[in-house]
Protein chains: 2
Amino acid sequence: MTAKILDGKKIAQDYQANLQSEVTALQAEGITPNLTVVLVGNDGASLSYVTSKKKAAEKIGMSSDIIRLAEDTSEEDVLTVIRKLNEDPTVHGILVQVPLPQQINETHILEAIAPEKDVDGFNPVNIGRLYAGVETFIPCTPLGIMELLKHADSDLTGQEVAVIGRSHIVGQPVAKLLTDSNATVTLLHSRSRFLKETLKRSDIIISAVGKPGLVTKEDVKPGAVVIDVGNTVVDGRLQGDVLYDDVKEVAGAITPVPGGVGPMTITMVLNNTLIAAQRTKQQRHTKK
Amino acid sequence: MTAKILDGKKIAQDYQANLQSEVTALQAEGITPNLTVVLVGNDGASLSYVTSKKKAAEKIGMSSDIIRLAEDTSEEDVLTVIRKLNEDPTVHGILVQVPLPQQINETHILEAIAPEKDVDGFNPVNIGRLYAGVETFIPCTPLGIMELLKHADSDLTGQEVAVIGRSHIVGQPVAKLLTDSNATVTLLHSRSRFLKETLKRSDIIISAVGKPGLVTKEDVKPGAVVIDVGNTVVDGRLQGDVLYDDVKEVAGAITPVPGGVGPMTITMVLNNTLIAAQRTKQQRHTKK
């Protein structure tokens, strides 16, 4: 058996085409969704991420700005920038690229972004709403994974899912979303004693660790769906956690790296920015 | 083998004795921790819960007030009461007893409680901080369970834990706390296909469903720790989810119902109220 390839690039393109029509519709009402990204410092990888987000936004008709601040910007000055963006009605989505320089407390920054513009879903208010079951922005990578799973043709109800990695950016929120979708989730991590056994009995495996070669052919039940969130640069090449060439021989469906989860994450940033812009319209209507 | 009984009543008493000395110390500095509970309506069970919280607080030297509002109080009027309590420096902890009458949106109420007085830990800001790993108030039942587990003499690292029930009040946050403590958690619920098999291989079982007789002797691995969060009234008697008399023959440790998790929950309300009061002291010092 050879796995169905969950082609994130293609799925993202189709998804973005739908977003584009919604952007066009919104523009007809006088609203151009805007995504503004704040980048502190000169890290090359961060600049490249930020630029690709801007390009993706513009490609579907949104406007997008990058605010670049010097490496030694004080926390207070970053907060001032964020407060200004919070109050600017032409800005719908605000992202602050992490990691931030040492003098800046990440929590203070994330808590400062207005929840209704926090398209990453990292403000604790939005994280809390997610867990409390209140409508919110869902973090982009978990949301992208849920979208990919729709293309694996599996009803999630009753499925046994192994999530590897307990970060609050990926592992924990995706476990939460899967549980809400009636899957039974086991959350694995570096201290888990029965990682391999748990993988072997799972219908779906989601690996978000950053350890190339972690998931092998022997770990995967025939027909299982394998989502690889790992992205580690090894000798200049991006590698996932899963031994792709081997595992695709046994899996039922699998995501490649690159071209799997990555494009979906960026797509969900756009998705959340569109929602943020649409909500301002609803508010305008309510206020009339 | 007969299980060690995790006597929540006794453990709670010892814990409260420690709280009492801290309350005394704080009073010597002129601060009497105050817990204020808002009760809307005339539900008998709710009134009884609220009264027992007040008594428990007073017993360890805190002050405690119950604000009773009529069943038909509007949401806006409840919000006004909460805003007043938020601004009252003599009030350290605020609880709003749920369930609330239909005309009141629970989310609006929970989001209105000042995060620094939200000793239940139900304001989304505090839920979000919990998941983001920022210092916060931890919901009382999960916190009480973690305290009980300390008395089961088991290092949680690498332990396989089955949590039954995915509520955002108990199941999900206790899964989060256990994961933080390096346990491997499987979160089970009504749609799980392999509930019994998962229980059978678990080192720790936490059942928070409200279904008497759900966990039987056959489901429990010899020596496993069993925490019963169920509290269902059957023929006027409180019953847990676990067939206690049978299961205690195989378990390594077990909580009774009543007298297990219940007393711990109330104790953690007091614990969080004390922390809230202590934090105001720190703020006073900071402001000097």
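Predicted model: local features only at pLDDT ≥ 70, side-chain atom pairs only at ≥ 80, totals over all residues.

These entries go from the single chain to the interface, then to the sheet and a few backbone details.

Entry 1: I then looked up how chain A is divided, and I found domain 1 at residues 30-114 and domain 2 at residues 140-262. The C-alpha centres of domain 1 and domain 2 of chain A lie 30 Å apart.

**Entry 2: where the two chains meet.** I next asked myself how many residues of chain A are in contact with chain B. I found that 34 residues of chain A are in contact with 34 residues of chain B, and that the two chains bury about 2,900 Å² between them, with 49% of this area on carbon and sulfur atoms. I also looked up the polar contacts across this interface, and the rule finds 17 residue pairs there, both residues being at pLDDT 80 or more. The elements of chain A that give two or more residues to the side touching chain B are α4 (106-112), α5 (124-132), α7 (171-180) and β6 (184-188). Of these, α5(A) gives the most, with 7 residues. When I sorted that side of chain A by class, I wrote down 11 nonpolar, 13 polar and 10 charged residues.

**Entry 3: salt bridges.** I looked up the salt bridges over all chains, and the count comes to 24 by this rule, while the count between chain A and chain B is 4. One that I followed up is formed by A:Arg193 with B:Asp203, where the closest N and O atoms are 2.9 Å apart. I also followed B:Arg129, which forms a salt bridge with A:Glu111, their closest N and O atoms being 3.1 Å apart. B:Arg129 lies in helix α5 (residues 124-132) of chain B, and A:Glu111 lies in helix α4 of chain A, so this pair joins two chains.

**Entry 4: the sheet.** In which sense do β6(A) and strand β6 of chain B pair, parallel or antiparallel? I found that they pair in the antiparallel sense over 3 bridges, and that A:Leu187 stands opposite B:Val185 in β6(B). Within chain A, strand β5 (residues 160-164) is joined to β6(A) by 5 bridges, and these two strands run parallel. Here the bridge partner of A:Ile164 is A:Leu188 in β6(A). I then traced the whole open sheet, which has 12 strands with mixed pairing, in the order β1(A)-β11(A)-β8(A)-β7(A)-β5(A)-β6(A)-β6(B)-β5(B)-β7(B)-β8(B)-β11(B)-β1(B). At the edges stand β1 (4-5) of chain A and β1 (4-5) of chain B, each with a single partner strand, so one side of each is left without a neighbour in the sheet.

**Entry 5: backbone details.** I reminded myself that most residues other than glycine have a negative phi, and that most peptide bonds are trans. With that in mind I noted a cis peptide bond between A:Val98 and A:Pro99, with omega about 0 degrees, and I placed A:Pro99 in the loop between β4 (93-96) and α4 of chain A. In chain B, a cis peptide bond joins B:Val98 and B:Pro99, again with omega about 0 degrees, and B:Pro99 is found in the loop between β4 (93-96) and α4 (106-112) of chain B. Finally I looked up A:Asn182, a residue other than glycine, whose phi is positive, near 75 degrees. A:Asn182 has its place in the loop between α7 and β6 of chain A.

Technical notes. Residues numbered from 1 in each chain as written. Chains lettered and ligands numbered in written order. Heavy atoms only, no water. Domains from an automatic or database assignment. Contact = heavy atoms within 4.5 Å. Buried area = accessible area lost by both parts, 1.4 Å probe. Salt bridge = Lys/Arg side-chain N within 4 Å of Asp/Glu carboxyl O. Polar contact = N/O pair within 3.5 Å; in protein donor to acceptor, adjacent residues only side chain to side chain. Helix = DSSP H or I, 4+ residues; strand = E, 2+ residues; numbered from the N terminus. Nonpolar A, V, L, I, M, F, W, Y, C, P; charged D, E, K, R; others polar. Pairing = 2+ DSSP bridges.
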